[in-house]
Amino acid sequence: MDIEGLGYAVIEQLIEKELLKNIADIYYLKKEDIASLKKSGDKFATNLVNAINKSKSNNLDKLISALGIRHVGTKASRVLAKEYKTMDKLSKANEINLSLVDDIGEITAKSIVEFFNQEQTIELLSKLKTAGVNMKNEEEEENDQRFAGKTFVLTGALEKYTRDEASAIIEKFGGKTAGSVSKKTSYVLAGEDAGSKLTKAQELGVTVITEEEFEEMTKQEIGEGE
């Protein structure tokens, strides 16, 4: 849920003290519980409680990702949030419809349905909802679809973005990312030490762009250069 201050060490301590059994328990932690983890931990506890409360308004994709559904990573979470809009609709989706969603497929669809059919999942979602955690996709539809119909492949080490950040930008502007290069690939975004994907792109004549060029593509005004 991207909660500042809630790192692995803190989580381990909370689990050891039996204050944390699942992600819903995070939203029921008391300030004194957190303060007990560190000497003079009052300030730390205040900051963490504030961060926890702030995370309640995170967009739906963050919550989906945090649930730890097998085969569902950050990219799939964004796709599901955009497609189903609410946690309630996603939890009731069937395998056939899920498998038809871009970047999901049959194996992931089955995993999602199995997860939401578990009694403990139903209880978990109820507890999160009661705590006031956002269950809807609140992101506004992006009118700028400059990458609509375009497929990007990321390769090499990027300096300015993580893979997830670059993918999110591409999807924000209507584009898609793929794991392999083909004749249908529009651009290959290449970082340092790009390997076989870069070679494949050059062989197929696919346009290869640097991070700087990608940044220019995302910043330029619509219609510029057309």
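**Figure 1. The whole chain, a predicted model.** Residues are numbered from 1 along each chain as its sequence is written. Since the model is predicted, local features need pLDDT of at least 70, side-chain atom pairs count only at pLDDT 80 or more, and totals for chains, interfaces and linings use all residues, while side-chain values use heavy atoms, with hydrogens and water left out. Count up the secondary structure and you get twelve helices and four strands; helices here are DSSP runs of H or I with at least four residues, strands are runs of E with at least two, and both are numbered from the N terminus. The C-alpha atoms fill a box of roughly 60 × 45 × 35 Å along the principal axes. Of the 226 residues, 42% count as buried (buried is under 20% relative accessible area, exposed is over 50%, partly exposed is in between, with a 1.4 Å probe and protein chains only).

**Figure 2. Strand β3 and its partners, β1 and β4.** Strand β3 (residues 187-190) is covered on both faces: Tyr187 and Leu189 are buried on one side, Val188 and Ala190 on the other. With strand β1 (residues 151-155), β3 pairs in the parallel sense over four bridges; two strands pair if DSSP finds at least two bridges between them. Look for threonine 155, whose bridge partner in β3 is alanine 190. Strand β4 (residues 207-209) also pairs with β3 in the parallel sense, over three bridges, and valine 188 stands opposite valine 208 in β4.

Figure 3. Why does threonine 108 count as buried? Because its relative accessibility is 9%. Leaving aside neighbours within four places in sequence, threonine 108 is in contact with His71 and Val72 (contact means heavy atoms within 4.5 Å).

Figure 4. Most residues other than glycine have a negative phi. With a relative accessible area of 43%, aspartate 103 is partly exposed.
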